[in-house]
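Open the model in your viewer and have the selection tool ready.

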Amino acid sequence: MNWYEHFNPVAFELFGLKVHWYGITYIIALISALFFSLLFIREKRFHNITRKSFEDFFIVAEIGILLGARLGYVLIYSPERWEYFTHPWLIFSPFDSMGNFVGISGMSYHGGVVGFLVASIVYTYYKNLPLLRYLDLMALGVPLAYIFGRIGNFLNHELYGRIIPDSDTFWKPYGILIDGALRYPSQLIEAFLEGFVVFWIVFFARKRFLFDGALISIYAMSYACMRFIAEFYREADVQMGYYGFLTMGQILSLAMLICALALFFYAKHLQTSQKGKQ
């Protein structure tokens, strides 16, 4: 992919402001998540979720994702985290401390998950809605939409892959040239594993595991596993480096896997308890 080095991550300029492909694909991802979720809303397991109630929930959940993703990046990955602590208004500002337009860059998936869960828990508690059922519906809509986010990373020239060793002849034809080095197309690998593969896992699981909380648990478990694998193709963040042979993404994915397993068995136990009371 020799063309990659010359690809412009800026799609167009509007009134002097640069609009990046990443921003466009991020918006497409958010809209697609709602669209894909609504495709499954008529299934029997979601019989008491109306389109209007889910759309309202979705808006709140997406706000939580955006806030959590940005805060997660600042707290975990950003080398300027202390500057953000002393100037917190810059976290969500597209302008730097000198007033220059720099846009908003840096989002953490795992931070987005935390923000999503917090917003979902608060909203469903306030509205007296079945939290796990709403999360299950989201679990069906998010994976395919997530593909657009990783394509955005690819087009934005970020999250580069590791250099392909000479011994790996399979990936050589598919490598992307960056500063003279042939690297794994890690963003596209993640799009496939974390988006496409995870979707099909959750899709088939929906007929096997019918209790509330099963799908969001399986989504989180499968994502954590796919992300752990994909990280072996992705270069660790320069400011983070490696922890032994693991990256921060892999460490967070292991924590996510443990939490997802706990949620799965809790939700299963909850179903058993409810049946026993009937």
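Select residues 20-41: this stretch is 82% helix and 5% strand, with its end C-alpha atoms 33 Å apart. Helices are DSSP runs of H or I of at least four residues, strands are E runs of at least two, and both are numbered from the N terminus. The model is predicted, so local features need pLDDT of at least 70 and side-chain atom pairs pLDDT 80 or more, while totals for chains, interfaces and linings use all residues. Numbering starts from 1 along each chain as its sequence is written, and side-chain values use heavy atoms, without hydrogens and water.

Next, select 210-230, which is 81% helix and 0% strand, with end C-alpha atoms 29 Å apart. The unreviewed UniProt entry lists both stretches under "transmembrane region", among others; such annotations may be inferred rather than shown by experiment.

Now select F54, F57 and Y219. These have the most contacts inside the largest nonpolar core, which has 51 residues. A nonpolar core joins buried Ala, Val, Leu, Ile, Met, Phe, Trp, Tyr and Cys residues through side-chain atoms within 4.5 Å, buried being under 20% relative accessible area with a 1.4 Å probe, protein chains only. α7 gives the largest share, eleven residues.

Stay on F57. Leaving out residues up to four places away in sequence, F57 touches F116, S120, Y123, T124, Y134, L135 and M138; contact means heavy atoms within 4.5 Å.

Last, select Y77, R227, E231 and R234, which are among the residues that line the largest cavity. Its lining divides into four nonpolar, three polar and five charged residues.

Definitions and conventions:
Buried means under 20% relative accessible area, exposed over 50%, partly exposed in between (1.4 Å probe, protein chains only). On a 1 Å grid over the protein atoms alone, a cavity is a set of points where a 1.4 Å probe fits but cannot get out, and a pocket is an open set with protein on both sides within 12 Å along at least five of seven lines; lining residues have an atom within 4 Å of a point. Ala, Val, Leu, Ile, Met, Phe, Trp, Tyr, Cys and Pro count as nonpolar, Asp, Glu, Lys and Arg as charged, and the others, Gly among them, as polar.
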